[in-house]
Amino acid sequence: MDASTLLWMGALLLVWYLSVGFGITVAYHRVLTHRSANLRKPLLYALVLAGLPAGPPAEWVGNHRRHHADSDGANDPHSPVHDGFWYAHCGWYLGIRNRGLCLLYALGGPLRYLIDIALRPMSPGGHDALAKDVLEDRFLRFLSTRFGFLVGSTVQALPFVLAYLLMAWDGVIIAWVAGIVFYNAGDAVNSVGHLWGKQDFDGACEARNSRFVALVSLGEGWHSGHHAFPRSARHGLLKGQVDLSFILLRVLASIGLASDLYLPSSEAITQRRRA
Ligand SMILES: [Zn+2]
Ligand SMILES: [Zn+2]
């Protein structure tokens, strides 16, 4: 493989990783689920489309609100404390408890697009009551149906899949590795983020702050801070906790594409901080 092909592949990888990542962290999580900020509609829709590997928007938001309503409790859809690492990491998406099958799914890379389109729960479904606001939006409701999710996922993935296929097997292998990394980086927030790391805040269930998870998940690994202040647009609340998703929201706000970024007061942060 020559140097220019390598460079081209690397650039594609970065765009894919960052677009999926910020789609999930900024649009799905901080804006749709927690209403930590507002985004201009076209940008919100583009980011949701980019983040579709996370799953249908209404299902994701409903499940995530359930997670916050009873974190690490009996009704948490993905607590590693109750259900073990693999179920919380990725088994819960499909209701799989067999660790071998979970591992295969975790290594599925781009194949997970197809598995999810066929098997993930969609709307109308069990969590719609917790995501009524998402379902009120026609575009988000469409993406939450099986047909809409299929169409959206095709639009999102096709340019990357074609580009890598044109590069033959080298491209397929690199795309596969990228898929494994971006799926598992997000999944690690639910598994690693409730098992290993520092509990910087009181009353934040078993959630932990992990520098490594924060790095690969664009700031979501500051999970103790997030559970202590779920509505905060910034998850890395303490000094030195770099939060790339919050940095992006600040940049978007500075050019008028985002607004109403919610932040807790420094007094509130100090009060909740563990000694
Ligand atoms: Zn959590
Ligand atoms: Zn959350």
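Leaving aside neighbours within four places in sequence, G219 is in contact with T25, A214, H235, G236, D243, L244, S245 and F246, where contact means that two C-beta atoms, placed from the backbone, lie within 7 Å. The model is predicted: local features need pLDDT of at least 70, side-chain atom pairs count only at pLDDT 80 or more, and totals for chains, interfaces and linings use all residues. Residues are numbered from 1 along each chain as its sequence is written, while chains are lettered from A and ligands numbered from 1 in the order in which they are written.

- G219 is located in the loop that joins α12 to α13 (223-228); helices (H or I, at least four residues) and strands (E, at least two) are DSSP runs, numbered from the N terminus.
- Because 28 other C-beta atoms lie within 10 Å, G219 is buried; the term requires 20 or more such atoms, whereas 12 or fewer make a residue exposed and values in between partly exposed.
- G219 and G171 are separated by 48 residues in sequence and by 28 Å in space, C-alpha to C-alpha.

**Nonpolar cores**
- The largest nonpolar core has 53 residues, and A27, Y28 and L249 have the most contacts inside it; such a core is a set of buried Ala, Val, Leu, Ile, Met, Phe, Trp, Tyr and Cys residues joined through C-beta atoms within 7 Å.
- The largest share of this core, nine residues, is supplied by α1.
- Not counting residues up to four places away in sequence, Y28 touches G23, T33, V48, G51, A54, P57, W60 and V61.
- A second, separate core of eight residues includes A88, Y93, C102 and Y105.

**Packing of α1 and α14**
- The axes of α1 and α14 come within 10 Å and cross at roughly 75°; axes are lines fitted to C-alpha atoms, for helices over the stretch in contact, with angles from 0 to 180 degrees between N-to-C directions.
- α1 is therefore roughly perpendicular to α14, a label for angles of 65 to 115 degrees.
- F22, T25, V26 and R30 of α1 meet S245, L248 and L249 of α14.

**Overall form**
- The protein contains 15 helices and two strands.
- Its radius of gyration, taken over C-alpha atoms, is 18 Å, close to the 19 Å given by the globule rule for 275 residues, so the protein is as compact as a globular protein of that length; the rule is 2.2 Å times the number of residues to the power 0.38.
- Of the 275 residues of the protein, 44% count as buried.

Conventions: Parallel < 35°, antiparallel > 145°, perpendicular 65-115°, else oblique.
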